[in-house]
Amino acid sequence: AVIHSRNDLFYQSRVLSFPLMLKGPLGESYQAGSLIEAGVYFDLLTRIWGTPIILQSAVQGEEYAVACLTDQRSEAVGIVAMKKIIQDDGGTTWAGVTVQEQELTKIARHLIKHFEWIGPMEIEFIKETVSGRYYLIEINNRFPAWIYLATQAGQNMPLAYLQLALGK
């Protein structure tokens, strides 16, 4: 849910289940185990980032990310999926390993077409432990910090992006 006020928070917390994730519009996120805790994080995020705040039920599982590059027709020039292995306290990935997850690639291609995306893109997911279902965390309109891993996997997307920009 996208919320703008404490009233929205109160209403949506009755619809969604705890623990809840609260995310700022441009960055930062917190997990809240109660309405009181969610209120504290809501106030903190709105003071720093303003509104709206994204509110969602927390999903327990392993985190993945997909780096993508698309051409002018929103056709994938490169797609590399990565499983996050080590993250710092702020959620920045420090180590990961490339994976061949067909479901992630399928979802990425669907999102690319849906948004008619052109250029670099990072899509982040959590694969729920219990169901094995992928949940979208966020989409970033840039290459990820870990893009060199894609190059090591045989897809030099920054070079391909430059070539696309040069009309090649």
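Me: What stands opposite Leu22 in E4?
Reply: In this predicted model, Leu22 has Leu55 of E4 opposite it.

Me: And which residue of E4 does Leu20 face?
Reply: Leu20 stands opposite Ser57 in E4.

Me: How many bridges join those two strands, E2 and E4?
Reply: Four bridges, in the antiparallel sense. Strand E2 covers residues 20-23 and strand E4 residues 53-57.

Me: Which way do the E2 side chains point?
Reply: Leu20 and Leu22 point one way from E2, while Met21 and Lys23 point the other way. In a regular strand, side chains alternate between the two faces of the sheet.

Me: Is Lys23 buried or exposed?
Reply: Buried, and so are Leu20, Met21 and Leu22.

Me: What stands opposite Lys23 in E3?
Reply: Ser29 of E3 does. E2 and E3 also pair in the antiparallel sense, over four bridges.

Me: How many residues lie between the strands in that hairpin of E2 and E3?
Reply: Five residues lie between the two strands. In this hairpin Glu28 takes a positive phi, near 70 degrees.

Me: Changing topic to pockets. How much space lies in the second largest pocket?
Reply: About 200 Å³.

Me: Which residues line the second largest pocket?
Reply: The lining includes Ile79, Val80 and Ala81, then Thr98, Val99, Gln100, Glu101, Gln102 and Thr105. Ala153 and Gln155 also belong to the lining.

Me: Which elements give two or more residues to that lining?
Reply: Strand E6 (76-87), strand E7 (93-99) and helix H3 (102-115) do.

Me: Which of them gives the most?
Reply: E6, with three residues in the lining of the second largest pocket.

Me: How many of the lining residues are nonpolar, polar or charged?
Reply: The lining of the second largest pocket has five nonpolar residues, five polar and one charged.

Notes
Residues numbered from 1 in each chain as written. Predicted model: local features only at pLDDT ≥ 70, side-chain atom pairs only at ≥ 80, totals over all residues. Heavy atoms only, no water. Pairing = 2+ DSSP bridges. 1 Å grid on protein atoms, 1.4 Å probe; cavity = no way out; pocket = protein on both sides within 12 Å on 5 of 7 lines; lining within 4 Å. Points joined across faces, edges and corners; volume = space filled by probe spheres on them. Nonpolar A, V, L, I, M, F, W, Y, C, P; charged D, E, K, R; others polar. Buried < 20%, exposed > 50% of the residue type's maximum accessible area, 1.4 Å probe, protein only.
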